[in-house]
Amino acid sequence: MQEVNQSVVSEFIILGLCDSWELQAFFLVIFSSLYLSTVLGNIFIVVIIIIDLHLHSPMYFLLANLSFIDFCLSSVTTPKMITDFLKENKTISFGNCMCQIFFGHFFGGAEMILLVSMAYDRYVAICKPLHYSSVMNRHRCIRLVATSWIIGFVHSISQLVLIVKLPFCGPRELDSFFCDIPLVIKLACKDTYVLEMLINADSGILATLCFILLLISYSHILFTVCLHSKDGASKALSTCTAHITVVVLFFGPCIFIYLWPLSITWVDKFLAVFYAVITPLLNPAIYTLRNKEIKNALKRL
């Protein structure tokens, strides 16, 4: 029994996005282009913020970290998905599967907290401008970024320890293009109902709490500015639109995947693609296209 169990859990079979070779060839071109754009876009933002002295401010320090996390997050699953389009038999080893789960939740959790930090930065800048330089000093910015990485790590490791020792001795097919806990845990040969509830609560509560904090922060920004200026709402909305757009695009799929009680395969695959491939690409596009200082930095190159 021990030998069978070890042979079964040595690897999982990934069913991918579809069975059609024509569609897979199409997806290969599309997702390769998207991933290349994601890598170049996010690295470009990090580099331009580092080399341009005009962008050495708390907001752009946080933005550079966000771009780095987006680059890492997309690199956890997308390269594997792209190479699998070229293979007939798509598999992933047990160890690599656990690595995907760990780093996916690590970078995802870190990004959630970092988005809250960016909302806090905008709150101080707009609602308490006279105290901005003293509140958002260099040490505070470093602590905010360090906190996001630490919480991301704690969240990820708490998820991993719950599933890494589960017995896998039955089906080993994952109907997706990468390993994620809701799919992997269903392959365990024991009752995992309570464990599924705990894991979904962990991810769902973290995402929901961060999302609520972000909604409160940006609502307070708009309300505060409206009280002090006739056209304050439009100015505040213009300043925060990019942040709000990124928040909705990032948290929407997360909350749906982990809190929605029903599992619909094609919906789950679409949301997974959107979360892992599209969102990391949209972040640099949104911030670059809507940000005047980034545009001015491009002109100075």
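**View 1. Helices H3 and H6 side by side.** In this predicted model, the axes of helix H3 and helix H6 (residues 138-163) come within 10 Å and cross at roughly 20°. Because angles under 35 degrees count as roughly parallel, H3 is described as roughly parallel to H6. The crossing of these two helices is right-handed. On the H3 side the contact is made by Pro58, Phe61, Leu62, Asn65, Phe68 and Ile69, and on the H6 side by Cys141, Ile142, Val145 and Trp149.

**View 2. Helices H2 and H3 packed together.** Helix H2 (residues 21-51) packs against helix H3 (residues 58-84) at an angle of about 160°, and their axes are 9 Å apart. Since angles over 145 degrees count as roughly antiparallel, H2 and H3 are therefore roughly antiparallel to each other. H2 passes H3 in a left-handed crossing. The contact of H2 with H3 is made up of 16 nonpolar, 8 polar and 2 charged residues.

**View 3. The largest nonpolar core.** This core has 72 residues, and those with the most contacts inside it are Phe12, Ile101, Val184 and Phe251. Helix H4 (residues 94-127) gives the most to this core, contributing 17 residues. If neighbours within four places in sequence are left aside, valine 184 is in contact with Phe12, Cys97, Met98, Ile101, Phe168, Leu174 and Cys179. A second, separate core has 13 residues, among them Val39, Phe177, Ala276 and Val277.

View 4. Serine 176 is found in the loop that lies between strand E3 (173-174) and helix H7 (181-184). Its relative accessibility is 4%, and because buried means under 20%, serine 176 counts as buried. Apart from neighbours within four places in sequence, serine 176 is in contact with Ile14, Leu15, Gly16, Leu183 and Lys269.

**View 5. The whole chain, for orientation.** The protein contains 11 helices and 3 strands, which follow the pattern α-β-α-α-β-α-α-α-β-α-α-α-α-α when read along the sequence. Of its 301 residues, 48% count as buried. Among contacts between residues at least 6 apart in sequence, 78% join residues that are at least 24 apart.

How values were computed:
Residues numbered from 1 in each chain as written. Predicted model: local features only at pLDDT ≥ 70, side-chain atom pairs only at ≥ 80, totals over all residues. Heavy atoms only, no water. Core = buried A, V, L, I, M, F, W, Y, C linked by side-chain atoms within 4.5 Å. Buried < 20%, exposed > 50% of the residue type's maximum accessible area, 1.4 Å probe, protein only. Helix = DSSP H or I, 4+ residues; strand = E, 2+ residues; numbered from the N terminus. Contact = heavy atoms within 4.5 Å. Axes fitted to C-alpha atoms, helices over the stretch in contact; angles between N-to-C directions. Parallel < 35°, antiparallel > 145°, perpendicular 65-115°, else oblique. Left-handed = near helix turned anticlockwise from the far one by under 90°. Nonpolar A, V, L, I, M, F, W, Y, C, P; charged D, E, K, R; others polar.
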